[in-house]
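I wanted to look up a few things here and jot down what I found.

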Amino acid sequence: MTLPQTVPIREIREETRTIRTFVLDVRLPQAEPGQFVMLWLPGVDEKPMSIAHPDPLTVTVARVGPFSTALHGRKVGDALGWRGPYGRGFSLPEAGPVLLVSGGCGVGPIYFLAQQAVERGLPTTVALGARTGLDLPYVARFRVLGVELHLATDDGSQGERGYVTELAAHLAERATEPPTLYACGPERMLVVLHRFCREQGISGQLSLERYMKCGFGVCGQCAMDGFLVCQDGPVFDAAQLDGLRDFGAAHRSATGRRLPIR
Amino acid sequence: MDAPAVDLSTILCGVRLPNPTVLASGVLGLSHQVMARVARAGAGGITSKSCSLKPRAGYHNPTILDWGMGLINAVGLSNPGVEVMVEELQAARELLAPQGIPLIASIFAETIYDFGTVARFISPARPDLIEVNVSCPNIDDRYRLMFAADPYVASQVTRRVKLNTDIPVLVKLSPNVTDLSRIAEAVVEAGADGITAINSLGPGIILDVKTLRPLLAHVTGGLSGSAIRPIAVRCVRDIRRAVGEEVPIVATGGVTTGRDVVEMLLVGAAAVGIGSAVAQRGMDVFRQVNEELRAYMVEHGYGRLSDLRGKALPFV
Ligand SMILES: Cc1cc2nc3c(=O)[nH]c(=O)nc-3n(C[C@H](O)[C@H](O)[C@H](O)COP(=O)(O)OP(=O)(O)OC[C@H]3O[C@@H](n4cnc5c(N)ncnc54)[C@H](O)[C@@H]3O)c2cc1C
Ligand SMILES: Cc1cc2nc3c(=O)[nH]c(=O)nc-3n(C[C@H](O)[C@H](O)[C@H](O)COP(=O)(O)O)c2cc1C
Ligand code: FES
């Protein structure tokens with residue numbers, strides 16, 4: 001049974017001026033990094049959100065439109081519904097270094113993955129990007145985790161000036177042993193990292209977003225070429241994305257019409 | 001040892017399906033690549049998502065939920081509109097034809113007249129069949145009854161579609177009516193080449209008892225999946241009795257296993273639609289169901305589907 005279960009919000013954290021973290025009063029110990037839940041705001045809408053921490057269930061949400069704005073208006077103790085976890089998550093290598101790349105609100109699943117990588121004793125580097133220093137989420141938490149943390153901002157107000165993709169490429173090239181790359185963020189960023197992985201022969205896993213309705217492989221709304229992002233993804237191996245028509249190019253709106261990705 | 005020869009093929013309005021399992025409308029039938037993937041997964045026919053004259057965004061989420069005994073959905077007939085869908089279908093056709101898998105284009109409209117227009121606009125994609133989804137609200141009508149609820153209105157829609165296309169037409173009926181037999185008779189008299197039945201049942205409501213709110217954004221939604229199968233079997237029997245053997249029926253509603261296909265064949269189905277079972281068994285459901293059907297036929301000594309078709313009618 002996968003009906004939404006409503007639970008109170010236990011805690012809300014202000015990450016940046018547009019990003020908030022919501023901790024729900026429920027445990028999902030079996031969830032994997034990269035998997036998502038369908039988060040329901042009774043009377044508003046229900047949207048996919050990556051799991052930032054499974055126990056208790058935590059999501060980190062950027063305020064971008066009607067749903068996320070309504071969610072940001074909720075208080076501790078308010079009820080939220082969830083169902084899941086859904087989808088294929090990230091998988092870590094047995095050994096060897098890992099490079100985790102996050103752009104904007106892609107930070108949730110990257111943090112969850114970083115925690116797991118550290119627990120398994122893998123040498124872990126995290127590249128975190130945002131527009132400005134004020135938009136960088138989770139910086140203190142990554143520091144506490146003890147990963148090698150690098151920052152990039154478009155305006156250079158914190159960390160390197162420029163795109164996190166350039167920072168990530170630089171870190172990968174500098175590494176003595178080629179790392180496995182993991183990324184979550186805007187699709188433009190993922191396209192650059194996909195090309196980098198394929199050109200350098202680095203294995204990579206990228207987490208994608210598409211408009212979702214059911215979340216469990218029935219409605220077809222999340223189709224990207226022949227893939228269902230909710231079930232075959234949201235995490236894809238870089239090689240799976242070779243030559244796709246829609247990757248980096250088109251997503252589907254609520255009607256199912258393909259629209260260009262800006 | 002070779003498997004004994006069992007022929008799973010069937011004919012639907014002159015169109016050959018290599019096996020009787022057809023992807024039901026509204027499930028995965030949006031992108032041509034995904035439709036081709038469902039065909040590779042074993043479906044004998046593919047029905048696209050119902051499309052209308054204009055794009056529709058549908059209702060807010062939650063739109064589709066699994067309640068343990070099937071699905072409940074209020075998608076709101078979201079679709080990108082016929083202008084986009086005709087291209088998607090053309091592309092689907094090109095991928096499906098070499099596999100020998102027919103394509104069924106599902107259409108709907110908000111007025112009787114528009115049904116004809118959508119049929120005309122979709123026909124250049126050359127789907128093998130057109131399925132007319134009359135189980136949607138009729139805005140011509142003051143009471144907003146769905147087209148499938150009234151024999152006269154359903155037959156007018158059928159006529160309008162037939163006038164606008166040379167492609168064989170299936171009319172998809174709703175179980176939420178008082179006299180299904182009369183409606184089936186009426187659409188066949190109006191020229192329907194076959195019937196698909198049933199669309200989702202209900203509507204129903206599921207509440208969250210903690211927040212006291214309905215789970216679906218639209219409040220009410222249609223039921224599908226295993227829970228509705230016995231009703232679908234009864235509807236297929238009613239239709240088969242009403243319209244006689246030469247009109248093929250695509251029996252839809254809760255079909256999940258090979259055994260369920262047998263049941264539908266026994267009350268006279270030509271083929272079966274499979275939708276909600278995809279949630280339970282994945283796209284692989286088509287291959288699995290066909291294997292289960294084949295095993296049943298081998299075990300009971302049936303060589304072809306016609307050996308089973310309608311064989312339970314004397315008893316029901
Ligand atoms: C598998 C998956 C996991 C997701 N995980 C998260 C997550 O952990 N945190 C999170 O904040 N969102 C996540 N999203 C996106 C989220 O589901 C919604 O799309 C988002 O909340 C927008 O809803 P809205 O109604 O607020 O805005 P909408 O009106 O739907 O969108 C407003 C505008 O913002 C753009 N937009 C949509 N999503 C984003 C985004 N994530 N970042 C920047 N711009 C965006 C849209 O293209 C649109 O132009 C995920 C999506 C998927 C498919
Ligand atoms: C999510 C979902 C969407 C559907 N959308 C449509 C649709 O657009 N047009 C249509 O004729 N039927 C639609 N249906 C009904 C199915 O085609 C089918 O008739 C019904 O679900 C019963 O079959 P099942 O139990 O195998 O799912 C939809 C069903 C579901 C579950
Ligand atoms: S969201 Fe429905 S199939 Fe992926």
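**Overall size of chain B.** I started with the radius of gyration of chain B, which is 18 Å. A compact globule of 316 residues would come out near 20 Å, so chain B agrees with that. I kept in mind that this is a predicted model. Next I checked the extent of the C-alpha trace of chain B: it spans about 60 × 50 × 40 Å along its principal axes.

**Inside chain B.** I counted up the secondary structure and got nine helices and 16 strands for chain B. Then I asked how much of chain B is buried, and it's 59% of its 316 residues. I also looked at contacts in chain B with a separation of 6 or more: 70% of them join residues 24 or more positions apart.

**Where B meets A.** Here 38 residues of chain B are in contact with 29 residues of chain A. On the chain B side, α1 (32-40), β5 (64-66) and α8 (277-281) each give two or more residues. The largest share, four residues, comes from α1(B). I sorted that side by class too: 19 nonpolar, 12 polar and seven charged residues.

**Around ligand 1.** Which residues come nearest to ligand 1? Of the 21 around it, they are A:Ser50, A:Val64, A:Gly65, A:Phe67 and A:Ser68. In chain A, β4 (45-50), β6 (57-62) and α1 (66-72) each supply at least two residues of the shell. By class, the shell has 12 nonpolar, six polar and three charged residues.

Key:
Residues are numbered from 1 along each chain as its sequence is written. Chains are lettered from A and ligands numbered from 1 in the order in which they are written. This is a predicted model: local features need pLDDT of at least 70, side-chain atom pairs count only at pLDDT 80 or more; totals for chains, interfaces and linings use all residues. A residue is near a molecule or strand if its C-beta atom, placed from the backbone, lies within 6 Å of it. Ala, Val, Leu, Ile, Met, Phe, Trp, Tyr, Cys and Pro count as nonpolar, Asp, Glu, Lys and Arg as charged, and the others, Gly among them, as polar. The radius of gyration is taken over C-alpha atoms; the globule rule is 2.2 Å times the number of residues to the power 0.38. A residue is buried if 20 or more other C-beta atoms lie within 10 Å of its own, exposed if 12 or fewer, and partly exposed in between; C-beta atoms are placed from the backbone. Two residues are in contact if their C-beta atoms, placed from the backbone, lie within 7 Å.
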